[in-house]
Amino acid sequence: MSSLVKLTIQWEENEIEININEEATLGDLKKKIHSIIHLEPARQTFFDFPLLETLEDHKITIKELNLRPDCVFIVKDKLSIDKPVKPRLGSRKQSEELKTFVFKIMNKPRDNKKLLVLDIDHTIYDAQAPNAVLGARPYLQDFLQGIYEEYDIAIWSATELAIAEKKLAALNMIENPNYKILFVLDFNAMPKVLLEEGSYYTKPLKIIWEKYQQYSSANTIICDDKPMNFRGDKSNGILIEPYSYVERDTDKELLHLMSYLKLIVKQEDFAALDHKKWKVYKDYSTDSTSDSDNYNYGEGSSGGTDDN
Ligand SMILES: [Mg+2]
């Protein structure tokens, strides 16, 4: 069941509230804005979302944008902007001050373990599913139990803590006898990174490394379905295919991810590996000539890109 989402649009000096179905696309939103402010959809640009300015991205649904509750769409007229608004990567200007956030600590770290930071929505769960059994990504419990042998498991979700905890409870991930969750972080721990052309929210691992000094870029992996979430930590990030419960009969992402995480676990520096090809890894543990210097993922295409 889809539901209505309330969005705030800022246009010139005005803030306008719009109710729109969460399944509506960005293109639908532009049409709705047109009916209110009479600015042609083609001339509208969203200041905070410059990376969505392609035809294809107009098919993204409001729900898929995973907006923060306090998000405001700043609408500008492309004709009134001197230069075309084009995404330019790597031009970070500054980071906004973080709001107060808490580590919801659930368990203690164990000695000599690596750290896996997992997103919830579309990484291990699809909230659109009729129930949590269908919403859980296939092999979730096998995956968590399997990697817990070598990894401490943390959760970082771009929702509110209470909602994240509800989802984890529905997934039977709290007080599970087979593994423990170290902590949960929510969207309050996500700073807004301002680029010259706009901004995005992200999950910088240094927040975790400052608190838990046993973890670093050498032994941490963050797994998310949105590349922007680990844009500042690309060498520690694994991009996973977004999970939708309608594909649950064929989805094997978590089995592949478990194999990959186990494959790399003995590596001294995770940041030195190329995680883009994580799905086409080569199991060099069976190859006596391999070592960390000729680390090889084998042939094939990668699981995704890291630049959009
Ligand atoms: Mg997600």
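The model is predicted; local features need pLDDT of at least 70, side-chain atom pairs count only at pLDDT 80 or more, and totals for chains, interfaces and linings use all residues. Residues are numbered from 1 along each chain as its sequence is written.

The largest nonpolar core has 47 residues, of which L116, V117, I153, A154, I155, C223 and L257 touch the most other members. A nonpolar core here is a set of buried Ala, Val, Leu, Ile, Met, Phe, Trp, Tyr and Cys residues joined through C-beta atoms within 7 Å. A residue is buried if 20 or more other C-beta atoms lie within 10 Å of its own, exposed if 12 or fewer, and partly exposed in between, with C-beta atoms placed from the backbone. Elements giving two or more residues to this core include β7 (114-118), β8 (151-156), β12 (220-224) and α6 (253-264). Helices (H or I, at least four residues) and strands (E, at least two) are DSSP runs, numbered from the N terminus. Another core, of eight residues, lies apart from the largest one and has I33, F46, I62 and V75 among its members.

I33 belongs to α1 (residues 26-37), where L26, L29 and I33 are buried. Seen down the helix axis, the buried residues of α1 fall within an arc of 50° (taken over the directions from the axis to the C-beta atoms), so they line one face. Their cover includes β1 (4-11), β2 (14-21), β3 (44-46) and β4 (72-77). After α1 comes H38, with a positive phi near 60°.

In α6, the buried residues are E253, L254, L257, Y260 and L261. They cover an arc of only 120° around the axis, which puts them on the same side of α6. That side packs against β7, α3, β8, β12 and β13.

How is β12 covered? Five of its five residues are buried. In a regular strand the side chains alternate between the two faces of the sheet. In β12, T220, I222 and D224 point one way and I221 and C223 the other way. Two strands pair if DSSP finds at least two bridges between them. β12 pairs in the parallel sense with β7 over four bridges, and with β13, also in the parallel sense, over three bridges. I222 of β12 is the bridge partner of V117, while C223 has I238 of β13 as its bridge partner.

How values were computed. Expected span 1.5 Å × (residues − 1). Contact = placed C-beta atoms within 7 Å.
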